[in-house]
Amino acid sequence: MGGKCADLNALYVGLARSVGLPARHVYGLRIAKSDLGYKSLGLATDKATKGQHRRTEVYLREHGWVPVDPADVRKVVLEEPPGNRPLSDEMVSKARQRLFGSWEMNWMAYNYAHDVALPGSAKQPVVYFMYPQAETVEGRVDPFDPDNFKYEITEKEMS
Amino acid sequence: MLTLTSHVSLKNYAVDLSVLAKAPHVSKAELDYFLLPSRYVPTDGIVKETALKATAGATTEMEKARAIYGWWTTPSAIRRSAAAAAAIFGSCWSRAIWVENVPT
């Protein structure tokens, strides 16, 4: 098992804060294909059920909140076909340059929240709120257990 | 069954880092809040040590932010990221950040 956006961009936040740079997690969802040609950074179909993606912002006094996404650089390296691309690869190098300072918005943000107490719930706060959450009389349903908790997210572009 | 429909409008987002624009005002309270450690993202110990190593020689905020970004996006760092994350997050990494919340 490898790390995904939720951890690598979290590391950026921790590292930045520890040297005095304000930084925040931005939780959201990929909802369209990438217009920049990255198969790994967009949806292939109209299904966004597994499109959850966390990005990061770091605050620099001279520029304000700056969007960054080191996790997506890693995704291009490892997942952009044919996979395992070297840093010298043109697509990787472009992604690396682009993902410090900009976000392609085939993605929507939900929130900056962490340790979220769900309304009406007596359970522990969720670490973050990016996946559907539900509780029954038997307790909290595992959002990653599709046999017990079925959900589907679809998207449609409107003019 | 419950259905929720959201309508969103999206626009690509970029900050022109080549110019020193006057950044929009952000309150001190907001910046202080986003410097705080949280339950699963500590900012002391090995996290701080790692960040200090990654930003050695960097003096401006921009250099520091880029150095941390660069540290994470070199191929060797990317490929050893699982081990590095485990080291950085200590006992909380697997359960909270890597396992419970990351679908495989």
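Predicted model: local features only at pLDDT ≥ 70, side-chain atom pairs only at ≥ 80, totals over all residues.
Before reading the element order I noted how elements are called: helices (H or I, at least four residues) and strands (E, at least two) are DSSP runs, numbered from the N terminus. With that in hand, I read chain A from the N terminus on as α-β-β-β-α-α-β-β-β-β. That comes to three helices and seven strands.

**Entry: chain B, for the overall layout**

In chain A, 41% of the 159 residues are buried, and in chain B the figure is 22% of 104 residues.

For the complex, the predictor gives an ipTM of 0.88 and a pTM of 0.85. Chain A averages a pLDDT of 88, with 95% of the residues scoring at least 70. Within chain A, H1(A) has the lowest confidence, at a mean of 80, and strand E4 (residues 102–103) the highest, at 96. I flagged residues 1–6 of chain A, where the pLDDT is below 50; this stretch has 15 contacts in the model beyond near neighbours in sequence.

Chain B has a mean pLDDT of 75, and 68% of its residues reach 70 or more. Its helix H1 (residues 28–33) has the highest mean of the chain B elements, 97, while helix H6 (residues 93–99) has the lowest, 34. I put a pencil mark beside residues 90–104 of chain B, where the pLDDT is below 50 and the model shows 26 contacts beyond near neighbours in sequence.

**Entry: H2 and H3 of chain A**

How do the axes of H2(A) and H3(A) cross? I found that the axes of helix H2 (residues 70–79) and helix H3 (residues 90–98) of chain A come within 9 Å and cross at roughly 175°. Angles over 145 degrees count as roughly antiparallel, so H2(A) is roughly antiparallel to H3(A). From H2(A) the contact takes A:Asp72, A:Val73, A:Val76 and A:Val77, and from H3(A) it takes A:Met91, A:Val92, A:Ala95 and A:Arg96. Sorted by class, that is six nonpolar, two charged and no polar residues.

I then checked burial in H2(A). Eight of its ten residues are buried, so H2(A) is largely enclosed by the rest of the structure. The buried set runs A:Pro70, A:Ala71, A:Asp72, A:Val73, A:Arg74, A:Lys75, A:Val76 and A:Val77.

Next I looked at the loop between H2 and H3 of chain A, which holds A:Pro82. The peptide bond from A:Pro81 to A:Pro82 is cis, with omega near 5°.

**Entry: the nonpolar cores**

Which residues touch the most other members of the largest nonpolar core? They are A:Tyr12, A:Ala16 and A:Val58, in a core of 32 residues. H1(A) gives the most, seven residues.

Leaving out residues up to four places away in sequence, A:Val58 touches A:Ala16, A:Leu21, A:Ala23, A:Val66, A:Val68 and B:Ala65. A second, separate core has six residues, among them A:Tyr27, A:Val126, A:Val127 and A:Met130.

**Entry: two single residues**

Is A:Thr154 buried or exposed? A:Thr154 counts as exposed, because it has 11 C-beta neighbours inside 10 Å. A:Thr154 sits in the segment after strand E7 (139–141) of chain A. Its contacts beyond four places in sequence are A:Asp46, A:Lys47 and A:Ala48. I also took the C-alpha to C-alpha distance from A:Thr154 to A:Gly28: 14 Å in space, for 126 residues in sequence.

Last, A:Asp115, in the loop between strands E5 (107–111) and E6 (134–136) of chain A. Its phi is near 50°, a positive value in a residue other than glycine. With 13 C-beta neighbours inside 10 Å, A:Asp115 counts as partly exposed.

Note on methods:
Residues numbered from 1 in each chain as written. Chains lettered and ligands numbered in written order. Axes fitted to C-alpha atoms, helices over the stretch in contact; angles between N-to-C directions. Parallel < 35°, antiparallel > 145°, perpendicular 65-115°, else oblique. Contact = placed C-beta atoms within 7 Å. Nonpolar A, V, L, I, M, F, W, Y, C, P; charged D, E, K, R; others polar. Buried ≥ 20, exposed ≤ 12 C-beta atoms within 10 Å, placed from the backbone. pLDDT = per-residue confidence, 0-100. Core = buried A, V, L, I, M, F, W, Y, C linked by C-beta atoms within 7 Å.
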